[in-house]
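Please open the model in your viewer and keep the selection tool at hand. We will go from stop to stop, and at each one you get something to select and a short account of what is there.

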Protein chains: 2
Amino acid sequence: MDKYYGASSCDGCKGFFRRSVRKNHLYTCRFSRNCVVDKDKRNQCRYCRLRKCFKAGMKKEAVQNERDRINCRRPSYEEPAQANGLSVVSLLNAELLSRKVIDETNNATDAEINNRKLAKINDVCDSIKQQLLILVEWAKYIPAFTELHLDDQVALLRAHAGEHLLLGCARRSLHLSDVLLLGNNCIIAKHNIGEYTARAAGVLRAHAGEHLLLGCARRSLHLSDVLLLGNNCIIAKHNIDGRMDIDISMIGIRVMDEIVKPLREIDIDDTEFACLKAIVFFDPNAKGLSQPQKIKQLRYQIQINLEDYISDRQYDGRGRFGELLLCLPPLQSITWQMIEQIQFAKLFGVAHVDSLLQEMLLGGASTEASLEEPAAPSPLSAGSPPLVPQLPLPEAAVFDVAPFKQEPNASPEHPSRVLKPAEITLL
Amino acid sequence: MDKYYGASSCDGCKGFFRRSVRKNHLYTCRFSRNCVVDKDKRNQCRYCRLRKCFKAGMKKEAVQNERDRINCRRPSYEEPAQANGLSVVSLLNAELLSRKVIDETNNATDAEINNRKLAKINDVCDSIKQQLLILVEWAKYIPAFTELHLDDQVALLRAHAGEHLLLGCARRSLHLSDVLLLGNNCIIAKHNIGEYTARAAGVLRAHAGEHLLLGCARRSLHLSDVLLLGNNCIIAKHNIDGRMDIDISMIGIRVMDEIVKPLREIDIDDTEFACLKAIVFFDPNAKGLSQPQKIKQLRYQIQINLEDYISDRQYDGRGRFGELLLCLPPLQSITWQMIEQIQFAKLFGVAHVDSLLQEMLLGGASTEASLEEPAAPSPLSAGSPPLVPQLPLPEAAVFDVAPFKQEPNASPEHPSRVLKPAEITLL
DNA sequence: ACGGGGAGGTCAAAGGTCAC
DNA sequence: AGTGACCTTTGACCTCCCCG
């Protein structure tokens with residue numbers, strides 16, 4: 001017999017008293033308010049039972065407020081309300097599925113991981129082209145995207161293709177500091193990079209305790225200063241042997257410093273990455289959108305879902321959402337610099353820019369590639385504010401006032417759609 | 001009230017926090033993550049209680065292992081008790097104080113509000129110059145700023161001057177839809193614009209119920225499509241009478257659509273604005289910073305304070321923080337477009353660009369203005385990635401490969417400091 | 001030395017749970 | 001819907017150890 005609410009009592013009366021006080025129950029006695037209340041008959045008359053509780057010394061002040069539930073099954077992140085596939089889980093799925101596409105096509109190049117090469121400008125272009133195709137596949141995994149007008153789909157794809165390239169590159173490079181470089185140029189990953197985990201773990205175990213590890217550690221010191229392209233090329237921060245193109249290196253350094261490093265610091269997870277990518281993608285300010293408000297709603301839903309997802313990490317969630325979103329301005333900035341570099345490389349004939357790259361990244365008609373729509377108004381795509389920065393081609397800038405006195409309202413609502421949807425299998 | 005785990009706390013929360021951290025309890029809020037947690041209701045939502053513990057400054061690192069007293073070095077998580085003036089209140093104060101400076105100097109132009117003129121390019125430059133000075137004043141109201149190395153102060157001021165101009169312009173224009181335009185070109189404000197509130201309210205009352213209001217309403221329809229410059233000039237969205245410069249109008253439209261409109265939709269308040277400004281300002285990626293990590297900490301503190309401030313709103317906090325931060329990429333984008341326009345206007349001699357504007361906005365040595373430091377390496381400020389986008393001057397781009405094959409490591413750690421601190425009274 | 005601040009721990013008595 | 005045997009959480013009140 002313990003003490004409850006100030007009186008010696010059984011567990012039953014404790015519960016009865018609490019429920020009664022909490023819900024302010026008012027009972028009535030069917031007899032003469034003097035019913036016997038003992039172990040057997042305690043449930044015969046509530047009025048008399050409660051009266052006996054008080055008489056025994058129970059204090060209603062001792063009953064506290066209702067507390068939080070102890071066993072609260074957490075509602076899953078799966079979309080209960082909106083079936084537009086914008087839940088963090090759906091977005092993560094789209095990310096994983098679209099990556100799988102390339103993993104399969106890359107199966108043949110499995111062995112190549114052993115001899116990664118430093119990227120030259122055309123390796124970069126090559127990787128870019130590949131990644132752009134993945135981007136389209138990715139988008140198609142998002143129902144809310146496929147339900148948009150075709151024009152808007154194209155607009156979104158074009159608007160931030162560059163950001164997505166860099167973002168993907170950054171993600172690939174995130175866990176590179178958890179990587180070891182063997183003497184024969186093999187790479188051992190601590191975490192998931194492709195399907196090499198099991199193998200890596202094995203090798204790690206095999207070498208455990210050996211002095212070999214020392215040399216390995218030395219060789220791996222600077223691997224966190226490396227970017228991994230989609231086609232298994234590498235961009236190094238420290239320009240070893242001067243084998244890197246300086247312009248590629250510049251972009252690479254900024255990606256490492258301004259994107260990879262902060263994302264590593266907060267240890268972004270796949271779900272967060274998927275959301276961040278989608279937030280960049282659904283940009284209500286993208287040029288030529290017919291339903292910007294609709295896009296804004298989609299992005300809003302995503303950023304709210306991400307906010308909720310992060311708030312569920314109670315111990316290290318604070319500031320996390322902000323740090324993620326604050327990666328976007330530098331991402332945009334680096335993207336522009338990259339596009340600028342590609343423009344230059346193209347201009348000087350150093351790089352081969354094919355039509356997909358031209359369309360999605362450089363944002364408009366090319367002055368050199370053969371196109372179906374020669375009616376494209378201007379090589380500067382006049383009137384399209386530089387979401388993709390339009391480097392004025394020097395000729396035009398010098399000999400024409402066009403870029404300065406360009407006529408924004410004269411530009412078509414929908415920017416030249418040289419990008420034929422069929423070509424990138426949008427449907 | 002003692003200190004536990006780094007925060008003033010009661011015994012109950014101490015125990016709660018320790019138990020939660022030790023067992024890594026994950027709670028779920030049954031409501032909207034904004035439950036009141038006070039002496040009475042502290043047990044009603046464990047999720048919100050734990051969150052409040054963290055918000056109050058409790059550090060999970062301060063919770064030791066079970067039955068662990070052996071290796072005890074207690075300090076370390078002693079955070080720099082943020083007396084650095086980064087609280088939302090301090091930032092709001094800096095904002096209000098710096099605005100006051102100009103309000104006073106503008107006292108003479110009080111009457112001018114009656115005949116606002118459409119801005120021409122040199123009105124814009126004029127306003128810009130004025131606002132740049134205010135920006136410096138603003139920064140000086142933030143202790144954490146003044147405690148920085150002088151070089152870093154200059155770096156921060158230069159890095160996002162353009163964003164701050166547009167941000168200020170957007171703020172000024174926020175409540176313009178709450179404004180009425182009288183027939184004699186007077187403006188009546190519903191809310192605070194300068195000190196005109198009382199007067200406006202008076203006029204509003206005076207006209208109440210009159211048929212005059214109809215005409216007034218008609219005239220005011222498009223006032224939400226107007227930007228207000230610091231020098232009382234106006235940029236209109238709809239190019240009435242074709243009196244606007246088309247290039248100014250382009251920037252203006254984007255500011256209205258991509259900044260003012262979203263900020264209006266969430267009804268940003270002064271505190272949030274002040275924080276947003278500071279977040280833009282303390283950019284750890286700014287060129288030439290000697291202590292980027294320090295700046296990152298400052299920004300982190302600010303964005304956390306803002307997150308907390310917003311989460312204190314009981315009903316409409318969800319998604320708000322994200323919407324605010326998501327204004328930053330377009331802000332950056334528009335800024336670059338603006339700078340591009342100014343570069344062009346300068347290039348063609350249309351605009352007068354003085355040295356302050358050149359230094360803070362265009363980011364480096366001028367090719368025309370007379371400067372004290374002719375040693376500035378390159379008109380392209382080679383090697384400085386375009387946080388401020390460096391439009392390649394056509395001559396250089398055409399006749400020199402420099403911008404493509406520029407040597408980033410050859411640039412000085414600290415960009416040319418043509419901006420003499422004394423000149424803008426940094427001290 | 002020695003008092004106090006802030007870690008850790010304890011456990012009576014609150015609370016919630018969920019077949020019945 | 002209410003009951004009550006059974007389990008969890010709370011927080012007032014200790015101890016212990018560094019540090020000034």
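Here is a tour of selected spots in this predicted model.

**Stop 1: the salt bridges of chain A**

Together with A:Glu272 and A:Arg320 they make up one network, joined by salt bridges that share partners.

**Stop 2: the salt bridges of chain B**

Move over to chain B and pick B:Lys277 and B:Glu95. They form a salt bridge, the closest N and O atoms being 3.0 Å apart. Distant parts of the chain are linked here, with B:Lys277 in helix α11 (residues 270-281) of chain B and B:Glu95 in helix α3 (residues 88-105) of chain B, 182 residues apart. B:Lys277 has a relative accessible area of 10%, so this residue is buried. B:Glu95 has a relative accessible area of 2% and is therefore buried.

Next, show B:Glu272 with B:Arg313, a salt bridge whose closest N and O atoms are 3.7 Å apart. Because B:Glu272 sits in helix α11 of chain B and B:Arg313 in the loop between α12 (292-311) and α13 (320-325) of chain B, the pair ties together parts that are 41 residues apart in sequence. B:Glu272 is buried, with a relative accessible area of 0%, whereas B:Arg313 counts as partly exposed at 24% relative accessibility.

**Stop 3: aromatic rings**

Switch to a view that shows the rings clearly. A pair of aromatic rings is described by the distance of the centres and the angle of the planes. Over all chains, the count comes to 17 aromatic pairs. Take A:Tyr5 and A:Phe17: their ring centres are 5.5 Å apart and their planes stand at 40°, so the pair is tilted. A:Tyr5 lies in the loop between β1 (2-4) and β2 (7-9) of chain A, and A:Phe17 in helix α1 (residues 11-22) of chain A, so the pair ties together parts that are twelve residues apart in sequence. Both A:Tyr5 and A:Phe17 are buried.

For a stacked pair, select B:Phe16 and B:Tyr27, with 5.6 Å from centre to centre and 15° between the planes. Where do these two residues lie? B:Phe16 is in helix α1 of chain B and B:Tyr27 in the loop between α1 and α2 of chain B, so to speak eleven residues apart, and the pair links distant parts of the chain. B:Phe16 and B:Tyr27 are both buried.

**Stop 4: patches on the surface**

Which residues form a positive surface patch? Select A:Arg22, A:Arg67, B:Lys39 and B:Arg42 to see it. B:Arg42 lies in the loop between α1 (11-22) and α2 (46-55) of chain B, and at 32% relative accessibility B:Arg42 counts as partly exposed.

Then look for a nonpolar surface patch at A:Leu347, A:Phe348 and A:Val350, which together have about 220 Å² of accessible area. A:Leu347 is part of helix α14 (residues 328-347) of chain A, and this residue counts as partly exposed at 39% relative accessibility.

**Stop 5: the backbone**

Most residues other than glycine have a negative phi, and most peptide bonds are trans. With that in mind, go to A:Asp267, which has a positive phi of about 55° although it is not a glycine. A:Asp267 is found in the loop between α10 (246-266) and α11 of chain A. In chain B, select B:Asn24, another residue that is not a glycine, with a positive phi of about 50°. B:Asn24 is placed in the loop between α1 and α2 of chain B.

Technical notes:
Residues numbered from 1 in each chain as written. Chains lettered and ligands numbered in written order. Predicted model: local features only at pLDDT ≥ 70, side-chain atom pairs only at ≥ 80, totals over all residues. Heavy atoms only, no water. Patch = residues over 30% accessible without salt bridge, like charges linked within 9 Å, V, L, I, M, F, W, Y side chains within 5 Å. Areas by Shrake-Rupley, 256 points an atom, 1.4 Å probe, with all protein chains shown as cover. Salt bridge = Lys/Arg side-chain N within 4 Å of Asp/Glu carboxyl O. Lys, Arg positive; Asp, Glu negative; His and termini not counted. Charge placed at Lys NZ, Arg CZ, Asp CG, Glu CD. Helix = DSSP H or I, 4+ residues; strand = E, 2+ residues; numbered from the N terminus. Buried < 20%, exposed > 50% of the residue type's maximum accessible area, 1.4 Å probe, protein only. Phe/Tyr/Trp six-rings, centres within 6.5 Å; stacked < 30°, edge-to-face > 60°.
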